[in-house]
Amino acid sequence: MSATGDPADAPIRVVVADDQEIARTGLRMILDAQPDIEVVAEAGDGRRAVELARRLRPDVCLFDIRMPRCDGIEATRLLAGPDVADPMAVVVITTFDLDEYVYAALQAGARGFLLKDAGPDLLGQAIRAAARGDALIAPSITARLLSAFAGAAPSGPRVQPIEPLTDREEQILVTVARGRTNSEIADELHISLSTVKSHVASLMTKLGVRNRVEIAMWAYETDRVKG
């Protein structure tokens, strides 16, 4: 809580989980150096991470995929999966940009995916996006990642929209799938930021998805975008 007592000024509280101590230390240093982010706990395995997250209720959980006792995918599912009544925000971070578990982690409810070499700025962006209910996948790998793992989706036809997408929504769909932020989409399509947000919200409703990551996966799975 800030000195003014305004909850909006309180830092974003983060739980970091990675089985390598040096990695946890590095992530903590990067995040704690940012004035609006605070690491409140660390865990060296997934089971401990889930315990800490449930007890502390952080704004965002930052999980490595490969961890002992409970990997990052299962930890994400336990905290953010479709059966969780009050899901938490989870960002997955990994060394491998084509790790076979990434798609499963996103399906489990992760709000973002980053490489460990993403750098402080992108890491901070991903944490902030997750905290406000948005999602971020490292733009440099979005297309390759999603197209590579689209084949891992369940067999059978993808669920179609509740209502047909408008031409503008189809445009927004493709830009989201390519990893563009709302501001970049607004600039690219010459529309206001509020209009972009309205279209993204409409897409989530029509597609029956929870966030931008799932919008992007739907776009790849229905061949709207080619890798």
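Trainee: How many disulfides does the count come to here?

Mentor: A disulfide is a covalent bond between the sulfur atoms of two cysteines. The rule is a pair of cysteine sulfur atoms within 2.5 Å, and by that rule the count is zero. Before we go on, this is a predicted model: local features need pLDDT of at least 70, side-chain atom pairs count only at pLDDT 80 or more, and totals for chains, interfaces and linings use all residues. Residues are numbered from 1 along each chain as its sequence is written, and side-chain values use heavy atoms, with hydrogens and water left out.

Trainee: Are C61 and C70 buried or exposed?

Mentor: Buried means under 20% relative accessible area, exposed over 50%, and partly exposed in between (1.4 Å probe, protein chains only). C61 has 0% relative accessibility, so it counts as buried. C70 counts as buried too, at 10%. Over the protein chain, 49% of the 227 residues are buried.

Trainee: What secondary structure does the protein chain have?

Mentor: Helices (H or I, at least four residues) and strands (E, at least two) are DSSP runs, numbered from the N terminus. Here the protein chain has ten helices and six strands.

Trainee: Which residue does UniProt list as a modified residue, and where is it found?

Mentor: UniProt positions follow the numbering used here, feature names are shortened, and annotations may be inferred rather than shown by experiment. The unreviewed UniProt entry lists D64 for "modified residue: 4-aspartylphosphate". D64 is found in strand β3, residues 60-64, and is buried, with a relative accessible area of 5%.

Trainee: What does D64 touch?

Mentor: Contact means heavy atoms within 4.5 Å. Leaving out residues up to four places away in sequence, D64 touches A17, D18, D19, G72, I93, T94 and K116.

Trainee: Which residues touch the most other members of the largest nonpolar core?

Mentor: In soluble globular proteins, nonpolar side chains tend to be buried together. A nonpolar core is a set of buried Ala, Val, Leu, Ile, Met, Phe, Trp, Tyr and Cys residues joined through side-chain atoms within 4.5 Å. In the largest one, of 21 residues, look for I172, L173, L207 and I215. The elements giving two or more residues to this core are α7 (167-177), α8 (182-189), α9 (193-207) and α10 (212-221). Apart from it lies another core of 20 residues, including V14, L62, L122 and L123.
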